Amino acid sequence: MPVSKHDHTQGGMDASVILVEYGDYQCLSCGEVNRMIQKIQQQIQLCFVFRHFPRTHLHPQAQKAAEAAEAAAAQNKFWQMHNTLFANQSTLDNGYLLQYAHEIQLDIDPFLRHMTDHVHAERVTQDIESGIQSGVSSTPALFINKIRYRDAWDMERLLIAIAQVKNSGVT
């Protein structure tokens, strides 16, 4: 699925490298990949896109965590919540999500309403559906300029793959 204004992005969508991740906040490998991507962002310029792909059959808190990130996005704090959720992957139940909302200084009443009413469940479902259409069945799943990355979750290998795709001119 093409990157759009609907997506959560860091970096310009006109960058020569667009890295899309389908992730799950409770998936430990996704947490490792998140830390790796943050390091890569310090080294090279790219557009990073995060899309939700909670695997609720394995991670019972993942859907709520994704909805919490979207509730934070409604207050322009998606990336703060995103990073907080990955930093606290083992503690994602309701009480902790509320604590994280306080920590990143969200307006708590709308946050709670959004969470209680599942206001953002459809947004999360849209990400899941785009992932399924792109062949995603597990997390983390990365695409570099629309090409699926299938190598090891290793920073050096990922950087090499990014350079290869960038040099090939695939957009």
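1. Buried here means under 20% relative accessible area, exposed over 50%, and partly exposed in between, with a 1.4 Å probe and protein chains only. Helices (H or I, at least four residues) and strands (E, at least two) are DSSP runs, numbered from the N terminus. On those terms six of the six residues of β2 are buried, so β2 is largely enclosed by the rest of the structure.

2. A word on the basis of this note. This is a predicted model, in which local features need pLDDT of at least 70 and side-chain atom pairs count only at pLDDT 80 or more, while totals for chains, interfaces and linings use all residues. Residues are numbered from 1 along each chain as its sequence is written, and side-chain values use heavy atoms, with hydrogens and water left out.

3. The sheet. Five strands form an open sheet in the order β1-β3-β2-β4-β5, and the pairing is mixed. Two strands pair if DSSP finds at least two bridges between them. The edges belong to β1 (8–10) and β5 (147–149); each has a single partner strand, so one side of each lacks a neighbour in the sheet. From one strand to the next, the twist averages 25 degrees.

4. Strand β2 (residues 18–23). Both of its faces are covered: I18, V20 and Y22 lie on one side, L19, E21 and G23 on the other, and all are buried. Six bridges link β2 to β3 in the parallel sense. V20 stands opposite V49, and Y22 opposite R51. Towards β4 the pairing is antiparallel, with four bridges. There, L19 faces I144.

5. Strand β3 (residues 47–52). Six of its six residues are buried. C47, V49 and R51 point one way, F48, F50 and H52 the other. In a regular strand the side chains alternate between the two faces of the sheet. Three bridges tie β3 to β1, and these two run antiparallel. Bridge partners are H8 with F50 and Q10 with F48.

6. The crossover. β2, helix α1 (residues 28–43) and β3 make a right-handed β-α-β unit. Right-handed means that, with the strands pointing away from the viewer, the path from the first strand over the helix to the second runs clockwise.

7. Helices on the sheet. Helix α3 (residues 78–87) lies across β1 and β3, at about 70 degrees to β3. Helix α7 (residues 155–168) packs on the sheet and touches β4 (141–144) and β5, making about 35 degrees with β4. Contact means heavy atoms within 4.5 Å. Axes are lines fitted to C-alpha atoms, for helices over the stretch in contact, and angles run from 0 to 180 degrees between N-to-C directions.
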